Each structure stands twice: as structure tokens, then as C-alpha cells.
Amino acid sequence: MNKIEHLGIAVRNIEESAIIYEKLLGSACYKLEEVQSEGVKTAFFQIGDSKIELLQATNDESPIAKFIAKKGPGIHHIAFDVSDIQSEIKRLQAEGFELIHQTPKDGADNKIIAFLHPKSTDGILVELCQEKR
Ligand code: ZN
């Protein structure tokens, strides 16, 4: 794994939270994007080499809606940048980690992604992401 690519933060209202994060980070959101397959709207901020991804649910079945109902707004996942997502998935499966996605799928911000189940990572939802080439 190369670096922490971004932290995903679940929010109730992405427009209101984006204003808070623009003030906090002193930089503007550089991308707003909806990912229909995940039922989320996202807003991205660059912070040095890493990013902050705000996530708002677009329907009640969205994983973000379920997360907020259970835990409230807050840190939802850590995303690691990887060079070859297929070989990372194989490596992590061999190490005994449970993958939510065994086959990578399209994510926001020009990435292909896969999530690890938090029960195999001490309670943290982990996202692998590889830049689309
Ligand atoms: Zn993410």
C-alpha cells in the first residue's frame, strides 16, 4: 500500500459540511460527484498528498444512511492507495482478511475500489483504491 489516499467522513448534509471543511482546511472542494451504485453524494478536498471525502446518503438503503442511523456522522472509512488492486485483494485474502468486494468496482474520483469488512480489520472499514488508468 502506498499511502492514505483519503479519509471518508459520513455527513447528513453535504452542502453544509462542505462549508465547514472549506473553512477548516482553508481550501475549496475540488469535486462533487454522485456514485449511484453506492447511493452517495461525495465532496472531495485535497490536503497535502491526501484527501478528505465527505459522503451523504442519497437513499435510505445507502450504506451511509445505515452508518449515520447507527453511529451518527463521523469518520466512516480509511482509503489506501494501491498500485495493483487485484494483487492487493489476493494478498489480503491470503492473509485472512474478509473482502466486501472480491472484484473491484468503480468508485468516485476516477478510482477502482474494494472494501474490506470491518470485522476483519479491528472495526475499521478499509477501502483499497487504485487510480483508473
Ligand atoms: Zn472512499
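## A zinc site and its surroundings

Q: Which protein residues are the donors of the zinc ion?
A: Donors are N, O and S atoms within 2.8 Å of the metal (3.2 Å for Na, K and Ca), and water is not among the atoms, so sites may look incomplete. Here the donor atoms lie 2.1 to 2.2 Å from the zinc ion. They belong to His6 (NE2), Glu53 (OE), His77 (NE2) and Glu127 (OE).

Q: What kind of model is this, and how are its residues numbered?
A: This is a predicted model, in which local features need pLDDT of at least 70, side-chain atom pairs count only at pLDDT 80 or more, and totals for chains, interfaces and linings use all residues. Side-chain values use heavy atoms, with hydrogens and water left out, and residues are numbered along each chain as its sequence is written, from 1.

Q: Why is the arrangement of the four donor atoms around the zinc ion called what it is?
A: Four donors count as tetrahedral if all angles lie between 85 and 135 degrees; four count as square planar and six as octahedral if opposite donors are over 155 degrees apart and all others between 65 and 115; anything else is irregular. The angles subtended by the four donor atoms here run from 83 to 174°. Because of those angles, the arrangement is irregular.

Q: How many residues apart are His6 and Glu53, and which strands hold them?
A: Strands (E, at least two residues) and helices (H or I, at least four) are DSSP runs, numbered from the N terminus. His6 sits in strand S1 (residues 3-10) and Glu53 in strand S4 (residues 50-57). The pair links distant parts of the chain, and the separation is 47 residues.

Q: Is His6 buried or exposed, and what is its relative accessible area?
A: Buried means under 20% relative accessible area, exposed over 50%, and partly exposed in between (1.4 Å probe, protein chains only). Glu53, another zinc donor, is buried at 5%. His6 is buried too, with a relative accessible area of 3%.

Q: How many disulfides does the structure hold?
A: A disulfide is a covalent bond between the sulfur atoms of two cysteines. For counting, the two sulfur atoms must be within 2.5 Å. The sulfur of Cys129 is 17 Å from the closest cysteine sulfur, in Cys29, so a bond is out of reach. Let's finish with the count: the number of disulfides is zero.

Q: Which residues of helix H1 are buried?
A: Helix H1 (residues 14-25) has 12 residues and reaches 16 Å from its first C-alpha to its last, close to the 16 Å expected at 1.5 Å a residue (the expected span is 1.5 Å times one less than the number of residues). On the other side of H1, Glu16, Ile20 and Lys23 are exposed. Seen down the axis, the buried residues fall within an arc of 105° and so line one face of the helix (the arc is that of the directions from the helix axis to the C-beta atoms). Those buried residues are Ile14, Ser17, Ala18 and Tyr21.

Q: What covers the buried residues of H1?
A: Covering can be followed through contacts, meaning heavy atoms within 4.5 Å. Ala43, which lies in strand S3, is in contact with Ile14 among others. The cover of H1 includes S1, strand S3 (40-47) and S4.

Q: What distance separates the C-alpha atoms of Ala43 and Glu53?
A: Ala43 is buried, with a relative accessible area of 0%. Ala43 is in contact with Glu53, among other residues. They are 10 residues apart along the chain, and their C-alpha atoms are separated by 5.6 Å.

Q: Which strands do the buried residues of H3 pack against?
A: In helix H3 (residues 85-94), Ile85, Glu88, Ile89 and Leu92 are buried. They fall within an arc of 100° seen down the axis, so they line one face of the helix. On the other side, Lys90 and Ala94 are exposed. The buried residues pack against strand S7 (111-116) and strand S8 (126-131).

Q: What is the phi of Asp109?
A: Most residues other than glycine have a negative phi. Asp109 is found in the loop between strand S6 (105-106) and S7, and is buried at 6% relative accessible area. Although Asp109 is not a glycine, its phi is positive, at about 60°.

Technical notes. Lists of a residue's contacts leave out its neighbours within four places in sequence.
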